[in-house]
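Please open the structure in a viewer and keep the selection panel at hand.

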Amino acid sequence: MPRGIYECLNCGYREERDSSEPILEGSCPRCGGDMILVGYSFDSKGGISLTSPEDVTSALPPEVEAKLRTFYDLDFAGFDGKVFIFEVREILEPNFEKVLREVERFGYWCALKKRDGKVLLFVFPAGEVKPDNRWLPWVFLLATIATTLFAGYMLALNYISVLDYYHLPGMRDPYLIALSFSVSVMAILGTHELGHKIAAAYHGVRATMPYFIPFPFSLIGTLGAVIRVKSPLPTRDAAIDLGVSGPIAGFLVAIPVTAIGIKLSVIVPSSSLPSSEGGIYFGTNLLFELLTKVVLHVPEDYVVFLHPIAMAGWVGLLVTFLNLIPVAQLDGGHILRAFISEKTHRIITYATAFVLFGMSYLWSGWFIWGLLVLLIGSAGNPGALDEVSPVSKKRIALAVIAAVIFILTATPRPMWTT
């Protein structure tokens with residue numbers, strides 16, 4: 001069984017280890033620097049592999065190496081059987097996405113990392129990107145339309161009963177209300193995922209079509225929608241674009257939907273509320289409070305019965321908030337990861353999970369979210385392939401906008417019952 005020969009990038013210390021990882025971060029026993037794989041040591045039945053750079057680079061197709069050297073001034077640094085490692089002395093092509101596209105034509109991917117002041121280029125075979133299922137997204141879409149229509153119909157019956165109880169004017173067609181609710185929910189969720197899809201296509205990242213998740217037993221008939229990224233994020237700018245695109249797009253649709261829904265909602269004196277238990281109360285956030293004051297002008301000691309369209313807008317704002325939580329591989333997690341290391345990001349993810357556990361006294365759903373964050377956070381967030389190129393000022397501005405939206409839509413206690 002071969003043992004890896006590692007050399008410290010900082011002090012040059014070398015030793016054998018039972019590992020084949022290309023880099024062992026912070027593992028040098030002398031200085032605590034990163035150890036890089038430079039060769040293999042075999043038992044008596046074998047020999048010594050990786051004895052010279054010439055022996056190794058010959059395994060990389062010459063056309064790939066030639067193409068790379070048009071983009072970078074390179075020195076060979078190591079090889080682990082799959083990953084070729086080069087030290088970059090000079091970056092000739094600052095557009096890493098262009099580099100990645102050219103290298104991918106030969107069936108390879110590459111990553112640009114910084115270790116102890118040195119810039120390293122990792123070159124490895126491109127992963128297999130399986131074709132999408134052509135029909136499954138449409139099946140889930142139609143199923144979610146059906147479940148949101150059903151949920152909208154039930155909400156419409158409840159809304160109409162409030163109108164009848166207080167003898168208030170308003171539309172009493174449950175089918176039209178159900179349709180308006182379903183269209184509103186699907187528009188917000190669909191726009192959110194479409195934003196991700198467009199950003200992915202812009203940066204050459206392969207991603208699936210949106211998968212809507214039908215759930216007839218929930219209040220709104222769905223658990224949202226997801227889109228799966230099938231190839232690595234090339235740069236930190238791309239990671240921020242993919243992270244902010246969905247929340248901003250969905251947020252821009254949720255604002256008018258919420259405003260229209262609030263305008264259609266009804267207000268009644270709190271003293272006239274029936275004393276029976278079992279009612280559902282929805283939490284609020286800064287934006288929802290602002291829209292309510294601007295659109296509805298609720299007098300003191302009055303309460304609002306939300307129109308189903310307002311509930312759709314409220315859900316859209318909540319989805320935006322949840323996705324922007326800066327942990328794991330949520331949208332906010334991708335944004336934050338563009339600015340910090342994977343180790344720091346993992347610490348923040350786990351810390352946030354325990355904060356969510358503590359917040360479960362406000363809403364039991366936070367306990368489930370805490371478990372979910374721990375589950376998806378255990379896989380880490382590898383970040384972008386290029387962690388050397390700086391984040392552009394435009395992306396920093398987008399990250400700030402995402403942070404503002406996160407604050408405006410933050411809903412500590414989404415709902416409770418009496």
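Begin with aspartate 301, which lies in the loop between α7 (286-295) and β14 (302-305); helices (H or I, at least four residues) and strands (E, at least two) are DSSP runs, numbered from the N terminus. The model is a predicted one, in which local features need pLDDT of at least 70, side-chain atom pairs count only at pLDDT 80 or more, and totals for chains, interfaces and linings use all residues. Residues are numbered from 1 along each chain as its sequence is written, and side-chain values use heavy atoms, with hydrogens and water left out.

Display the backbone torsions of aspartate 301: its phi is near 65°, a positive value in a residue other than glycine. Most residues other than glycine have a negative phi. Aspartate 301 is exposed, because its relative accessible area is 56%; buried means under 20%, exposed over 50%, and partly exposed in between (1.4 Å probe, protein chains only).

Next, select alanine 328, in the loop between α8 (308-323) and α9 (331-337). Alanine 328 also has a positive phi, near 45°. Is alanine 328 buried or exposed? With a relative accessibility of 2%, alanine 328 counts as buried.

Move to serine 231, in the loop between β11 (222-226) and α6 (236-264). Serine 231 has 9% relative accessibility and therefore counts as buried. Which residues does serine 231 contact, leaving aside its neighbours within four places in sequence? They are Trp109, Gly204, Val205 and Arg206, where contact means heavy atoms within 4.5 Å. Draw a distance from the side chain of serine 231 to the backbone nitrogen of arginine 206; the value is 2.9 Å.

Finally, select the whole protein chain, which has twelve helices and 15 strands. Of its 418 residues, 47% count as buried. The chain exposes about 21,000 Å², of which carbon and sulfur atoms supply 63%; accessible areas come from the Shrake-Rupley method with a 1.4 Å probe, and for residues only the protein chains shown count as cover.

Conventions:
A polar contact is a pair of N or O atoms within 3.5 Å; within protein, one must be able to donate a hydrogen and the other to accept it, and residues adjacent in sequence count only if both atoms are side-chain atoms.
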